Amino acid sequence: MAGLAEQLEFEENPVYEQLIEDILRDGYSVMDNFFVAETVVGLRADLLNKYEEDQFKKAAIGNRTNEIIKSEIRGDFILWMDEAKINEVQGQFFKSINDFSVYLNKTCFLGILRKEFHYAVYPEGKFYKRHLDTFQNDDCRRLSVVCYLNEDDWLPEHGGELVLYLQDENGKEFAKSIYPMPGRTVIFESQKIEHEVKPANRQRLSITGWLKTR
Ligand SMILES: O=C(O)CCC(=O)C(=O)O
Ligand SMILES: [Fe+2]
């Protein structure tokens, strides 16, 4: 029978190790190579297809059974993904997410058992005011994951930055802006980091989700 140590065997992955180190130190990590470029391009095409087919709906606040639409808080449109009915490119996406979750469980004992993801489109000028992801009455959310699917000619001056509200060593708050460059992936602690999405001067595309316990 395999010993306990063997059950925890894994091959060290430098990208995941960097992510974990960042999250333990700062509560967040920004990666430009978490998903391969082909997956990002495929997801963008899939998102735009489904958006054109009118499959998105206005995002609400509150949990999934108690939804209220408040445009003064968030103005994006979303489409939840169903892992049971995914296509090829969504499959590539979930394979990376699942690999990473297994790695986290083996190396950090995070106990990630569930996940949920949606595509998001922020039309020009739309935003999401400062919030904590657990305010959606979901305290099982451990890590928030956002991957930007913007067009390749996206520039920082197009706006749409994600602003994380962090604390320095003296407990003083400071803001960290992260620009939604295509393929960039941001992972942060859902229960700790308040954040907001600033308006962009063109349509802003992403895939967002949560790795959850229990
Ligand atoms: O798109 C982003 O940068 C963050 C989105 C977000 O905060 C959310 O959907 O809860
Ligand atoms: Fe959020």
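**Entry 1**

I began with W80, and I found H118 to be its bridge partner in β4. I note that this is a predicted model, in which local features need pLDDT of at least 70, side-chain atom pairs count only at pLDDT 80 or more, and totals for chains, interfaces and linings use all residues. Residues are numbered from 1 along each chain as its sequence is written, and chains are lettered from A and ligands numbered from 1 in the order in which they are written. Strands (E, at least two residues) and helices (H or I, at least four) are DSSP runs, numbered from the N terminus.

I then looked up the pairing of β3 with β4 (residues 114–122): the two run antiparallel and are joined by four bridges. Two strands count as paired if DSSP finds at least two bridges between them. On β2 (residues 57–58), I found two bridges to β3 (residues 77–80), again antiparallel. There K57 has I78 of β3 as its bridge partner.

**Entry 2: the seven-stranded sheet**

I traced an open sheet of seven strands in the order β1-β9-β6-β11-β4-β3-β2, with antiparallel pairing. I recorded β1 (28–31) and β2 as its edges; each has a single partner strand, so one side of each lacks a neighbour in the sheet. Four bridges pair β1 with β9 (residues 185–189) in the antiparallel sense, and S29 stands opposite I187 of β9. I also saw that helix α2 (residues 14–26) packs on this sheet and touches β1 and β9, its direction making about 145° with that of β1. Axes are lines fitted to C-alpha atoms, for helices over the stretch in contact, and angles run from 0 to 180 degrees between N-to-C directions. Contact requires C-beta atoms, placed from the backbone, within 7 Å.

**Entry 3: the four-stranded sheet**

I followed a further open sheet, of four strands, in the order β5-β10-β7-β8 with antiparallel pairing. Its edges are β5 (128–131) and β8 (173–178), each with a single partner strand, so one side of each is left without a neighbour in the sheet. The twist averages 20° from one strand to the next. I counted six bridges between β7 (residues 162–167) and β8, which pair in the antiparallel sense; V163 has S177 of β8 as its bridge partner.

**Entry 4: helices α3 and α4**

I looked up the packing of α3 (residues 37–52) on α4 (residues 88–108): the angle is about 130° and the axes lie 9 Å apart. I record T39, G42, L43 and D46 of α3 and V89, Q90, Q92 and F93 of α4 as the residues that make the contact. They divide into three nonpolar, four polar and one charged. Here Ala, Val, Leu, Ile, Met, Phe, Trp, Tyr, Cys and Pro count as nonpolar, Asp, Glu, Lys and Arg as charged, and the others, Gly among them, as polar.

**Entry 5: ligand 1**

I asked which residues surround ligand 1, and I list Y128, D133, V146, L162, H195, V197, S206 and T208. A residue is near a molecule if its C-beta atom, placed from the backbone, lies within 6 Å of it. The elements giving two or more residues to this shell are β10 (194–197) and β11 (204–212). By class, I find four nonpolar, three polar and one charged residues around ligand 1.

Terms used: Contact = placed C-beta atoms within 7 Å.
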